[in-house]
Amino acid sequence: MSAGIDSAVGASTTKTSAVTEQLAPRDAVFYYDETDRHPSTIVAAYVFDSRGAELLDTAAAVRWAQERAGLAPLFRRRLRRVPFDLDLPYWVPDPAVDIAEHVHVEPAGADWDTVRARLGEITVVRVDLDRPPWQFHFFDRVHGVPGAPGPATILVLKFHHSAGDGVATRELEAQLFSGRASPAVPGGGPWRPAVVGIRAALLFPYRLGCFAAGLRRAAAARTEVRARAAAGLLDEPLPTRPATRFNRAAGPGRTVDQVTLALSEVKAACARCTERTTVNDVMLTVVSGALAAYLGEKQETPPDSLAAMVPISMRGIAEWDSANRLSQMAVDLHTGVPDPAARLAAIRESVRRERRRNIDPAVLRYAARVETSPAWLLRLAGWARAQRSFAGAEAIPLSNTTISNVPPTGDGLTFRGAPLLRAFGVLPVLDGDGLRHLVSSQGDELVITFHADSAMMPDPERYRELLVQSFRELVDALG
């Protein structure tokens, strides 16, 4: 049985036990794709108003984490591979887990710039898969946080992407910051690799049969997809885009920064459009304008339009038995369109086309080929992707940057009585994707957090200015 979203990250309102479960193939992709240059991690940060709150020391932080370790199996399970990769890895209870080893309390009184630098360092380092793959990082009495009325406590949650996606993170944080305690519940039998290996060997012929049948179904679906595209019923994305400075091998340096906008103003811009326009459409247009302007100032305007990888949640669209329920849209950013209103209209149509393609039944059947892919093939595919070189490349597959968004945070979230002011995420920089954006919102505040290779973007303050400028130009164009 593969792990579903509730069992992987844990969205239950009661105590959950850590049991042995096998990874779903879609989740195992994140396991096999991970390298030092391609971290597969979720990093979420939470800013709390710590005025009047007690000082946070290591003992208090560990105690807080221990009291919530029963909220999700994530906190008490680790990943174990099947011998010779004869089958997919398993989530296995770790009865000896020491919560204190996963809790890191940073020096109190840091400023916002110091925390941003640490966020880049935290994001780039892989989690230890020999232990339950999660960490808490605490920053207390942080000063200079934009929008905070005084000193703030920042809590950073980091875990392996195989355990869940952005929507799962929202479900988990609603439990963590609800004020309810749930200590860990012991459970789970010992991990017996020999027994698991024998079982995998016996099932190997059956798995191969399922794989062969899956290939036949995928081939038929691919033929149908091509026929539908030829008939104009689907629009396939361009296979390549011109490479930019952000589509090279990532170096060691990182930059994390963000721009804050009024969500009410963003929604007002949507309302001025004659056709239905979403907040996501506007954010894609804002990033498109800033990216085009930044490259233009560097005298590096690309010859053709750039594109963004935009995750789309498949919940309610496809019944996937996995912790990660995302598909990837390749959205044309129309960076060559100078008028912001016209660019918004073009991006809006590109989003509609990509969404229509991703939810098409034939496309879904073709994408289902991963569900029968054997572990050895997923591992081989991950190895092949790690060998890709971006040095001197003039084109890059599908997209140039990532622009993701997560649902708004819930109301009433607190940490030790301190109310939540802001929640945001940091997407790890990868080889070939040296500039990534994550859009989040809390109340009337919308935050665009961008994470970049510092050699590719040595002047993040300028990009921050261009994001604000791009939004203002769009508002004026719609006015």
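How far is the sulfur of C270 from the closest cysteine sulfur, and which residue holds that sulfur?

Analyst: The closest cysteine sulfur to that of C270 is in C273, 6.4 Å away, which is too far for a bond. A disulfide here is a pair of cysteine sulfur atoms within 2.5 Å. A search of the whole structure finds zero disulfides.

This is a predicted model, in which local features need pLDDT of at least 70, side-chain atom pairs count only at pLDDT 80 or more, and totals for chains, interfaces and linings use all residues. Residues are numbered from 1 along each chain as its sequence is written, and side-chain values use heavy atoms, with hydrogens and water left out.

C270 counts as buried because its relative accessibility is 9%. Buried means under 20% relative accessible area, exposed means over 50%, and partly exposed lies in between (1.4 Å probe, protein chains only). C210 has 26% relative accessibility, so C210 counts as partly exposed.

Now the setting. The protein has 12 helices and 17 strands. These are DSSP runs numbered from the N terminus: helices are H or I with at least four residues, strands are E with at least two. Of the 479 residues, 53% count as buried. A compact globule with 479 residues would have a radius of gyration near 23 Å, and the protein agrees at 23 Å. That radius is taken over C-alpha atoms, and the globule rule is 2.2 Å times the number of residues to the power 0.38. Along the principal axes, the C-alpha atoms fill a box of roughly 65 × 65 × 40 Å. Among contacts with a separation of 6 or more, 80% come from residues 24 or more positions apart. Contact means heavy atoms within 4.5 Å.

Helix α9 covers residues 340–358, 19 residues in total. From first C-alpha to last, α9 reaches 26 Å, close to the 27 Å expected at 1.5 Å a residue. The expected span is 1.5 Å times one less than the number of residues. Buried residues of α9 include L344, I347 and V351, but also R343, R348, E354 and R357. The buried residues of α9 pack against helices α8 (279–297), α10 (361–367) and α12 (460–478), and against strands β10 (307–313) and β11 (326–332).

Two loop residues are buried as well. D165 sits between β7 (152–160) and α5 (166–176). D165 counts as buried because its relative accessibility is 0%. A polar atom of the D165 side chain lies 3.3 Å from the backbone nitrogen of V167. For the backbone nitrogen of A168, the distance to a polar atom of that side chain is 3.1 Å.

F390 lies in the loop between α11 (375–386) and β12 (395–397). Its relative accessibility is 8%, so F390 counts as buried. Leaving out residues up to four places away in sequence, F390 touches N247, R248, A249, I396, D431 and G432.

Last, a sheet. Three strands form an open sheet in the order β1-β4-β3, with antiparallel pairing. Its edge strands, β1 (21–22) and β3 (77–80), each pair on one side only. Two strands pair if DSSP finds at least two bridges between them. β1 and β4 (residues 90–93) pair over two bridges. In β4, Y90 is the bridge partner of Q22.

Technical notes
A polar contact is a pair of N or O atoms within 3.5 Å; within protein, one must be able to donate a hydrogen and the other to accept it, and residues adjacent in sequence count only if both atoms are side-chain atoms.
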